[in-house]
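Here's a quick briefing on the pockets and the surface of this one. Have a look at the model first, then go through the points below.

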Amino acid sequence: MANVALRVPSVMLLDLLYKWDVGHFAEQIRARNEEMLIKYKYVLWNAYYLGHLLSAFVLMLPVQHLVKLYLYLLTASLLYMGHQTCRNYVLKELESGYDGAVYLDLVALQRFVSALTAQLLVLCLSSFFMRPKPFWLFSAHLVPLLARLCMVPLTALLILNKLTIIFTSLEVLYFLLCNMFVPYNLAKSAYREIVQESELYGVLGLGTILWNQFAVPALFTTFWLVLFVTETYFYLSSHNQQGASQEGLVFAFLTR
């Protein structure tokens, strides 16, 4: 089940890239001069092909590496949410103008408790997903809240928030640099395994092994089901009247 569910997003992304008319989109780009327009089109087409390459690479990953990849992406999203929550809290504190002790003002205490609860939840989830790494690696966004508890001036909280964002960004950059050769090693290992399997079982046997390993029938059945449900939902959501929605539902079942 996980082997199929974790690969569906890659197939969905490949389908979106296939349907995207990048040439028409490139023609609509407006630039100050012809040279900038050529650069924009060059970047756009390279991003288009890179998206295909990355989606295909993720689609072919073993299940254990897919799980790790999704955990990394989920942790990065949680850290981003944690910093955004902290920034919103700091901006609200600056807007209120109250720089006294948090526990002496009920409204300030409510804001602090709400932000602290969200930050602790982010910390716990990030530590759980990235275990056994130490939890303090994911706790930078707590610094402005602790500073507020210690009655640090409000203007300094915004500076602390920016510093914590820089610290987390450096952590992510360090992680990416340490793992920059992982895709190459995986591709090299996969190529070596494909060569060995083809020598043992032949091309037809290799195709059968890959067909069963990636559960191709179940994968594309799930993909088409998700695609059908998604397109039907967006089609029906564009009709406000009940009669039009019923007609749209019949039309969707007949044409999808």
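H5 gives the largest share of the lining of the largest pocket, with 9 residues. Keep in mind that this is a predicted model.

**Largest pocket**
- The largest pocket comes in at about 1200 Å³.
- Its lining counts 34 residues, and Leu69, Tyr72, Phe175, Leu176 and Asn179 sit closest to the centre.
- At least two lining residues come from each of these: helix H2 (8–19), helix H4 (34–59), helix H5 (63–96), H8 and helix H9 (182–213).
- By type, the lining of the largest pocket splits into 25 nonpolar, 6 polar and 3 charged residues.

**Second largest pocket**
- This one has a volume of about 510 Å³.
- There are 19 residues around the second largest pocket, with Met60, Pro62, Ala190, Ile194 and Phe214 nearest its centre.
- H4 and H9 are the elements that put two or more residues into this lining.
- H9 has the largest share here, at 11 residues.

**Nonpolar surface patch**
- Ile159, Leu163, Ile166, Leu170, Leu173, Leu177, Met180 and Phe181 make up a nonpolar patch on the surface, and together they have about 830 Å² of accessible area.
- Leu173, one of the patch residues, belongs to helix H8 (residues 154–178).

Notes. Residues are numbered from 1 along each chain as its sequence is written. This is a predicted model: local features need pLDDT of at least 70, side-chain atom pairs count only at pLDDT 80 or more; totals for chains, interfaces and linings use all residues. Side-chain values use heavy atoms; hydrogens and water are left out. Patches are made of residues with over 30% relative accessible area and no salt bridge: like charges are joined within 9 Å, nonpolar side chains (Val, Leu, Ile, Met, Phe, Trp, Tyr) within 5 Å. Accessible areas come from the Shrake-Rupley method with a 1.4 Å probe; for residues, only the protein chains shown count as cover. A salt bridge is a side-chain nitrogen of Lys or Arg within 4 Å of a carboxyl oxygen of Asp or Glu. Helices (H or I, at least four residues) and strands (E, at least two) are DSSP runs, numbered from the N terminus. On a 1 Å grid over the protein atoms alone, a cavity is a set of points where a 1.4 Å probe fits but cannot get out, and a pocket is an open set with protein on both sides within 12 Å along at least five of seven lines; lining residues have an atom within 4 Å of a point. Grid points are joined across faces, edges and corners, and a volume is the space filled by probe spheres set on the points. Ala, Val, Leu, Ile, Met, Phe, Trp, Tyr, Cys and Pro count as nonpolar, Asp, Glu, Lys and Arg as charged, and the others, Gly among them, as polar.
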